[in-house]
Amino acid sequence: MERIEFVRGPSSALYGSNAMFGVINIVTKKGRGVDGFDLNCEAGSWNTKRAAATLGTTTRRELDLLLSVQAGCSDGEDLYFAEYDRAGSEGIARGLDWEQFVNFHTVLTLWEWTLEALYNDRWKGIPTAAWGMEFNDDAAQSRDRLGMLCLIFDQEIDHASRMSLRMFYNHYAYTGIYLYEESDWRDVNNCHWVGAEGQLRRDINAQNRLFCGIEYQQHLAATYKS
């Protein structure tokens, strides 16, 4: 990342009802911020491994490219639950707190235009026997996938004003496998939505900034099966 910004105060008009007290904005690096190829590998406790590769460059025609791929996994810790510590069970979920993930992120910037794509896929074991499931069953797991594609036009109008336009497509899918004594249960959620927004920013003075904007969303699908 390039920097982390914190915007104090209520911002629900811009960022939704969850932004009551402020907004944390993570600004990712552009290609010129990486300026080359970066390879990172990590290892840790509980057989945790992660590998990430990032390529960043700027061409002579001012095309800025950032490409990042990351993958990792962890066996997780054996967890003890006192409520399951009874006859026939030690109350320990062994090897169930595992996790696997892979993600992809790319940003192309040319003059005032930016094209950004993101995809994340994550698998997670469920060691807690939540919702009355069978305890210590290694088949219980969840998988969630998130994809995003957006096109942004951002231009400075003058020294105190800036305008941005954004069009986007989002996809989210979730699958959960839950094991019960009487039968197995599966949750499947699949959502697609598109939208566009426009925003005008004006710095009134050194302490105050005025935002005006409009946003439209269309949900193409929001399905749930069990």
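What percentage of the 226 residues in the protein chain is made up of buried residues? In this predicted model, buried residues account for 27% of the 226 residues. The protein chain contains two helices and 13 strands. Its radius of gyration is 22 Å, well over the 17 Å that the globule rule gives for 226 residues, so the chain is more spread out than a compact globule.

**Overall form and surface**

- Taken along the principal axes, the box filled by the C-alpha atoms of the protein chain is roughly 75 × 40 × 35 Å.
- The protein chain exposes about 15,100 Å², and carbon and sulfur atoms supply 55% of that area.
- Of the contacts between residues at least 6 apart in sequence, 50% join residues at least 24 apart.

**Nonpolar cores**

- In soluble globular proteins, nonpolar side chains tend to be buried together.
- The largest nonpolar core in this model has six residues, namely Phe-81, Tyr-84, Ala-93, Leu-96, Ala-129 and Phe-135.
- A second, separate core has five residues, among them Ile-126, Met-133, Ala-140 and Leu-179.

- Ser-164 belongs to strand 11, which covers residues 161–179.
- Ser-164 has a relative accessible area of 19%; the cut-off for a buried residue is under 20%, and therefore Ser-164 counts as buried.
- With residues up to four places away in sequence not counted, Ser-164 touches Phe-153, Asp-154, Glu-197, Gly-198 and Gln-199.
- Gly-198 belongs to strand 12, which covers residues 184–203, and is buried with a relative accessible area of 17%.
- Gly-198 touches Ser-164 and Leu-165, and also Cys-212, Gly-213 and Ile-214, not counting residues up to four places away in sequence.
- Although Gly-198 and Met-163 are 35 residues apart in sequence, their C-alpha atoms are 7.6 Å apart in space.
- Gly-195 is likewise found in strand 12, and it counts as buried at 12% relative accessibility.
- The C-alpha atoms of Gly-195 and Phe-168 are separated by 5.4 Å, while the two residues are 27 residues apart along the chain.
- Phe-168 is also one of the residues that Gly-195 touches, together with Arg-166, Met-167, Tyr-216 and Gln-217, not counting residues up to four places away in sequence.

**Partly exposed residues in strands**

- Arg-202 lies in strand 12 and counts as partly exposed at 38% relative accessibility.
- The contacts of Arg-202, not counting residues up to four places away in sequence, are with Asp-158, Ala-160, Ser-161, Asn-208, Arg-209 and Leu-210.
- Arg-202 and His-192 are ten residues apart in sequence, and their C-alpha atoms are 33 Å apart in space.
- Val-69 is found in strand 5, residues 63–74, and is partly exposed with a relative accessible area of 41%.
- Leaving aside neighbours within four places in sequence, Val-69 is in contact with Ala-51, Ala-52, Ala-53, Asn-103 and Phe-104.
- Val-69 and Asn-205 are 136 residues apart along the chain, and their C-alpha atoms are separated by 41 Å.

**Loop residues with a positive phi**

- Most residues other than glycine have a negative phi.
- Asn-47 is not a glycine, yet it has a positive phi of about 60°.
- Asn-47 sits in the loop between strand 3 (36–44) and strand 4 (48–58), and at 41% relative accessibility Asn-47 counts as partly exposed.
- Asn-136 also has a positive phi, near 65°, and is a residue other than glycine.
- The loop between strand 9 (113–125) and strand 10 (141–158) is the place of Asn-136, and Asn-136 is partly exposed with a relative accessible area of 39%.

Technical notes. Residues numbered from 1 in each chain as written. Predicted model: local features only at pLDDT ≥ 70, side-chain atom pairs only at ≥ 80, totals over all residues. Heavy atoms only, no water. Helix = DSSP H or I, 4+ residues; strand = E, 2+ residues; numbered from the N terminus. Rg over C-alpha atoms; globule rule 2.2 N^0.38 Å. Buried < 20%, exposed > 50% of the residue type's maximum accessible area, 1.4 Å probe, protein only. Contact = heavy atoms within 4.5 Å. Areas by Shrake-Rupley, 256 points an atom, 1.4 Å probe, with all protein chains shown as cover. Core = buried A, V, L, I, M, F, W, Y, C linked by side-chain atoms within 4.5 Å.
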